[in-house]
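Subject: Structure for you to look through

Dear colleague,

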Amino acid sequence: MPMNYHLSNRKGFASDNWSGVSPEVMEALQQVNISHHPAYGENDPLMQQAEEAFQTLFETNCKVFFVYNGTGANVLAVNHLLHSWQAVVAPHSAHLNEDEGGAPEKFTGGKILTVDCHDGKIKPDQIKPFLNSIGFQHHVQPKLISISQATEMGTLYSLDEIRELASFAHENNMYLHMDGARIANAAVALDCSFSEMVTQTGVDVLSFGGTKNGLMFGEAVVFLRPELADGFEYNRKQGMQLASKQRFITAQFLTYLTNDLWKHNALQANAMAGVLAEKLSSIEGIQLSRPVEANGVFAILPKAIIAELQKEYFFHVWNESLSEVRLMCSFDTTIEDVDGIAAAANRILEEKKIRLG
Ligand SMILES: Cc1ncc(COP(=O)(O)O)c(C=O)c1O
């Protein structure tokens, strides 16, 4: 008997991982669900094919390791590159700092040095003060800079800004890590290739996201300088992120990377964010609070309508005191969804006005 799972048929704007899976990805999962296949990616021709797909897109001989989730990718990348007496410098708003439940601290034993960045982007001048600690045995030693592309604030680093941070890191004997949970959204928004954004700017290690753009699960840690990957397989195992039936991650990435699915999905999410921003900003009483550069829209809504609107289209309140909300668009967000939430916001506002006289 078929199960009734009681899922809502209305899409929300809570996050780009509230969406389902691209049909092409589901098909890939079905296609590899036959017979037996090497576990753990060992001696697995699919894994080799997937690594080659990354190498083609990044135009370099990068080393690729699949993991289950974005937190795992970030934590393992940091853990691999740092001793416990070294530190990662990141914006305060970084997922690594705010949303990973202390996992980076637990696994690395190290410290995250944070900087307040209103737009989610860290600048070299904000990192300079930490350099005073270098060589002073009483202080943690800054060794890694971590940036998110796109940022948690929906903004983007330009290629020049990434290049500048990479040069700054290397001049100071540090590495640059990029949290690319939304890297596809960033690349299509900047109209550039992964090679231009990552390889050619000098990023050392990348957490390459898939789940927020149509995959069921799975992310990749990509070492742009292969020598930095030495021993990472052991760290991944110790970090409990080695997938036993890895073919189900590999197949998703193969279809995602080789058919421009990443581009197609990200273009849709970003386009819908653009339309949503336009529609919301035309409603009296609603203001955009941040530039819309990828697939996230941040807006100030009258407090009185938020709870009502959330009953129809779920989304998160970003900053309670400012009445700021975050609306994320996904690869499967449609114009009907965007029209729907804008119309609902308008209608609830009108009803409130009438009620409040
Ligand atoms: C910027 C960023 N990095 C990483 C992640 C990955 O998180 P998860 O461990 O939930 O896959 C997320 C998800 O919210 C994110 O927004």
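The notes below take the aromatic residues, then a helix pair, and then some individual residues.

Please keep in mind throughout that this is a predicted model.

Aromatic residues

The structure contains 17 aromatic pairs. One of them is formed by Phe-54 and Phe-58, whose rings are stacked, with a distance of 6.3 Å from centre to centre and 20 degrees between the planes. These two residues both belong to helix H2 (residues 45-58), where, because they are four residues apart, about one helical turn separates them. Phe-54 is buried, its relative accessible area being 0%, and for Phe-58 the relative accessible area is likewise given as 0%, so that Phe-58 counts as buried.

The rings of Phe-194 and Trp-262 also form a pair, with centres 4.3 Å apart, and because their planes stand at 40 degrees the pair is classed as tilted.

Which residues make up the aromatic cluster? Phe-54, Phe-58, Phe-194 and Trp-262 are among its members, and together with Phe-66, Phe-208, Phe-253 and Tyr-256 they form one cluster.

A helix pair

Two packed helices are described by the angle between their axes and by the distance between those axes. For helix H1 (residues 23-31) and helix H11 (residues 247-258), the angle is about 135 degrees and the axes lie 9 Å apart. Because of that angle, H1 is oblique to H11, and the crossing of the two helices is right-handed. On the H1 side the contact involves Glu-24, Val-25, Ala-28 and Leu-29, which meet Phe-248, Ala-251, Gln-252 and Thr-255 of H11.

Individual residues

Ser-15 is found in the segment that precedes H1, and with a relative accessible area of 10% it is buried. Leaving aside residues up to four places away in sequence, Ser-15 touches Arg-182, Lys-212, Arg-326 and Met-328.

Most residues other than glycine have a negative phi, and most peptide bonds are trans. Against that background, the peptide bond that joins Gln-149 and Ala-150 is cis, with omega at about -5 degrees, and Ala-150 itself is placed in the loop between strand S4 (141-148) and helix H7 (159-171).

Tyr-40, which is not a glycine, has a positive phi near 60 degrees; Tyr-40 is located in the loop between H1 and H2, and its relative accessible area of 34% makes it partly exposed. Glu-59 is likewise not a glycine and has a positive phi of about 50 degrees. Glu-59 sits in the loop between H2 and strand S1 (63-67). Is Glu-59 buried or exposed? With a relative accessibility of 56%, Glu-59 counts as exposed.

Technical notes. Residues are numbered from 1 along each chain as its sequence is written. This is a predicted model: local features need pLDDT of at least 70, side-chain atom pairs count only at pLDDT 80 or more; totals for chains, interfaces and linings use all residues. Side-chain values use heavy atoms; hydrogens and water are left out. Rings of Phe, Tyr and Trp (its six-membered ring) pair if their centres lie within 6.5 Å; planes under 30 degrees apart count as stacked, over 60 as edge-to-face and the rest as tilted. Buried means under 20% relative accessible area, exposed over 50%, partly exposed in between (1.4 Å probe, protein chains only). Axes are lines fitted to C-alpha atoms, for helices over the stretch in contact, and angles run from 0 to 180 degrees between N-to-C directions. Angles under 35 degrees count as roughly parallel, over 145 as roughly antiparallel, 65 to 115 as roughly perpendicular and the rest as oblique. A crossing is left-handed if the near helix is turned anticlockwise from the far one by less than a right angle, and right-handed if clockwise. Contact means heavy atoms within 4.5 Å.
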